[in-house]
Amino acid sequence: MVRQQLLQRASALTTRNALQPSLRNTAPRRFASGEMPKLTGAADNAFNRERMAVKQHAAGSSDLWRNVAVPSLIIAAINAKNLWDEHWEHWEHLPPLEDRIEYDYMNIRTKKFFWGDGDKTLL
C-alpha cells in the first residue's frame with residue numbers, strides 16, 4: 001500500500017517536472033547559446049551594443065586560446081616525457097654509485113649532519 005503510494009507520487013512528480021521546465025534546466029541553455037539576440041527598442045543603446053561586442057570578442061579570443069593552449073600542452077608533455085626518458089637512459093650507462101671514484105672535491109662537508117656518523121644523508 002505504502003509502496004504503491006510512493007510510486008504514484010514519484011510518477012506524478014516526474015510527469016510534472018517533464019511538463020514544466022525548471023530554471024535549473026533553462027539557465028545553462030540560455031547562457032550557452034551561441035546566438036546573440038538582436039537589440040530593439042529601448043535596449044538598443046550604446047552600452048548594450050558595446051557589451052555585446054565585448055561578449056563576441058571574448059568568445060572569439062577564448063576559442064583562439066583554446067586552439068593554441070591544448071596543442072601546446074600536448075607538445076610540452078611529449079617533450080617532457082622524452083627528456084625524462086633520455087635522462088634515465090643516460091644514468092643506465094653509468095656505473096653504480098658505490099663503484100664510482102670519489103675525488104677530493106666531491107662530497108665536501110663543512111658541517112656534519114646531526115644524525116648517525118655525520119657523513120651519510122637520509123636518502
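Analyst: D85 and K81 join their side chains in a salt bridge, with 3.0 Å from N to O. This is a predicted model, and the distance is computed from its atoms. The two residues lie 4 apart in helix 3, so about one helical turn separates D85 from K81.

Side chains of opposite charge can pair when their charged atoms come close. By the rule applied here, the count is 3 salt bridges.

Another of them links R66 to D63, at 2.8 Å from N to O. Here the spacing is 3 residues within helix 3, which spans residues 46-93, so R66 and D63 are again about one helical turn apart. R66 has 48% relative accessibility and counts as partly exposed. Exposed would require over 50%. D63, at 38%, is likewise partly exposed.

The remaining pair is R49 with D44, whose side chains meet at 2.9 Å from N to O. R49 is partly exposed, with a relative accessibility of 44%. D44 is also partly exposed, at 37%.

In the stretch of sequence around that pair, N48 gives a point of reference. N48 belongs to helix 3. Its relative accessible area is 19%, and N48 is therefore buried, as the cut-off for that class is under 20%. Once neighbours within four places in sequence are set aside, N48 is in contact with L39 and A43.

Among the lining residues are E98, R100, E102, R109, D119 and K120. L97, I101, M106 and L123 line the pocket too, as do N107 and T121.

To return to the pairs, D85 with K81 has an N to O distance of 3.0 Å, R66 with D63 has 2.8 Å, and R49 with D44 has 2.9 Å. For D85 and K81, the spacing along helix 3 is 4 residues, while for R66 and D63 it is 3.

Note on methods: Residues numbered from 1 in each chain as written. Predicted model: local features only at pLDDT ≥ 70, side-chain atom pairs only at ≥ 80, totals over all residues. Heavy atoms only, no water. 1 Å grid on protein atoms, 1.4 Å probe; cavity = no way out; pocket = protein on both sides within 12 Å on 5 of 7 lines; lining within 4 Å. Salt bridge = Lys/Arg side-chain N within 4 Å of Asp/Glu carboxyl O. Buried < 20%, exposed > 50% of the residue type's maximum accessible area, 1.4 Å probe, protein only. Contact = heavy atoms within 4.5 Å.
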